[in-house]
Amino acid sequence: MVEDGRTARQIFDEVMANPARRKFGFGERLAVVNVDLQQAYTRLDLFRTAYESDPRQIEYINRISSMARRCGMPVIWSRVAYMDNSGDAGVWGTRTDTEDSLQNIKYGSERHAFDPRCDILPEDLQFTKRMPSAFFETPLASYLVWHKVDTVVVTGGSTSGCVRATAVDALSHGYRVIVPIETCADKHESYHFANLTDLQLKYADVEPAEAVARWLENR
């Protein structure tokens, strides 16, 4: 194991600056999967569990999503919530039990609600999940097959949690995976940049949001 004092952000910048790194690239048809852009995690003014890495995160997400729709490509929004008795949270809901705990995000609550800044349209797929990956026990896998998708763009939060889990599952399902940098957020820059680095090295193409926009503009 290397121990050289570099920060997670420094390592990320060095990895991204490597021109020799081969990319998976875009395929022919993408889907934008927006992970957990709900108030529990986006509303700094309301909830202690919220976080922000780029103040324009949702603006970038809305732009990419709008462009995908104009190309006839699907847009998906996931969020997380549980029953009143938390009986569906599984072992993930056993570590803590405070008003801020994961399993205490209840269906229909303010923490469950999507951030009102998100431009969600009726034709977008929306669903509530229980576990980190947007693929786990949700309609996402069959929805992507039906829409003949070969590339998944993953946005949202947290970078180290549900974004990462969704990206790894997307690759495992055989999709090319793109993670736009500005569209992801986490509680600490260390978690954020360490996981972007790992995604770039193993599971996804970590790209500026503008790279996704340019690809969509040319469709």
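## Ser-101 and its surroundings

Apart from residues up to four places away in sequence, Ser-101 touches Thr-96 and Arg-111, where contact means heavy atoms within 4.5 Å. Ser-101 belongs to the loop between strand S2 (75-80) and strand S3 (125-129). Its relative accessibility is 4%, so Ser-101 counts as buried; buried means under 20% relative accessible area, exposed over 50%, and partly exposed in between, with a 1.4 Å probe and protein chains only. Helices (H or I, at least four residues) and strands (E, at least two) are DSSP runs, numbered from the N terminus.

The side chain of Ser-101 makes a polar contact with the side chain of Thr-96 at 2.7 Å. It also reaches the backbone nitrogen of Thr-98 at 2.7 Å. A polar contact is a pair of N or O atoms within 3.5 Å; within protein, one must be able to donate a hydrogen and the other to accept it, and residues adjacent in sequence count only if both atoms are side-chain atoms.

## Basis of the description

This is a predicted model, in which local features need pLDDT of at least 70 and side-chain atom pairs count only at pLDDT 80 or more, while totals for chains, interfaces and linings use all residues. Residues are numbered from 1 along each chain as its sequence is written, and side-chain values use heavy atoms, with hydrogens and water left out.

## Strands S2 and S3

Strands S2 and S3 pair in the parallel sense over five bridges; two strands pair if DSSP finds at least two bridges between them. The bridge partner of Val-80 in S3 is Lys-129.

In a regular strand the side chains alternate between the two faces of the sheet.

## The enclosed strand S4

Why is strand S4 (residues 151-157) described as largely enclosed by the rest of the structure? Seven of its seven residues are buried, so the strand is largely enclosed. Both faces are covered: one side holds Thr-151, Val-153, Thr-155 and Gly-157, and the other holds Val-152, Val-154 and Gly-156.

S4 has several strand partners. It runs parallel to strand S1 (residues 30-35), to which six bridges join it; Val-32 has Val-153 as its bridge partner in S4. With strand S5 (residues 176-180), S4 pairs in the parallel sense over three bridges, and Thr-151 stands opposite Arg-176 in S5. Two bridges link S4 to strand S6 (residues 184-185), again in the parallel sense, and there Gly-157 has Ala-185 as its bridge partner.

S4, helix H5 (residues 159-172) and S5 make a right-handed β-α-β unit. A crossover is right-handed if, with the strands pointing away from the viewer, the path from the first strand over the helix to the second runs clockwise.

Gln-57 lies in helix H3 (residues 57-70) and, at 7% relative accessibility, counts as buried. Its side chain reaches the backbone oxygen of Gly-156 at 3.4 Å. Leaving aside neighbours within four places in sequence, Gln-57 is in contact with Leu-37, Gly-156, Glu-182, Thr-183, Cys-184 and Ala-185.

In helix H7 (residues 209-217), the buried residues are Ala-209, Ala-211, Val-212, Ala-213, Trp-215 and Leu-216. These buried residues pack against S1, H3, S4, S5 and strand S7 (205-207).

## Aromatic rings

Rings of Phe, Tyr and Trp (its six-membered ring) pair if their centres lie within 6.5 Å; planes under 30 degrees apart count as stacked, over 60 as edge-to-face and the rest as tilted. By this rule there are four aromatic pairs. The rings of Phe-12 and Phe-193 have centres 5.4 Å apart and planes at 45°, so this pair is tilted. Phe-12 lies in helix H1 (residues 8-16) and Phe-193 in helix H6 (residues 189-203), so the pair ties together parts that are 181 residues apart in sequence. Both Phe-12 and Phe-193 are buried.

Phe-26 and Trp-215 form a stacked pair, with 4.9 Å centre to centre and 10° between the planes. Phe-26 lies in the loop between H1 and S1 and Trp-215 in H7, so this pair joins parts 189 residues apart in sequence. Phe-26 is partly exposed, with a relative accessible area of 22%, whereas Trp-215 counts as buried at 13% relative accessibility.
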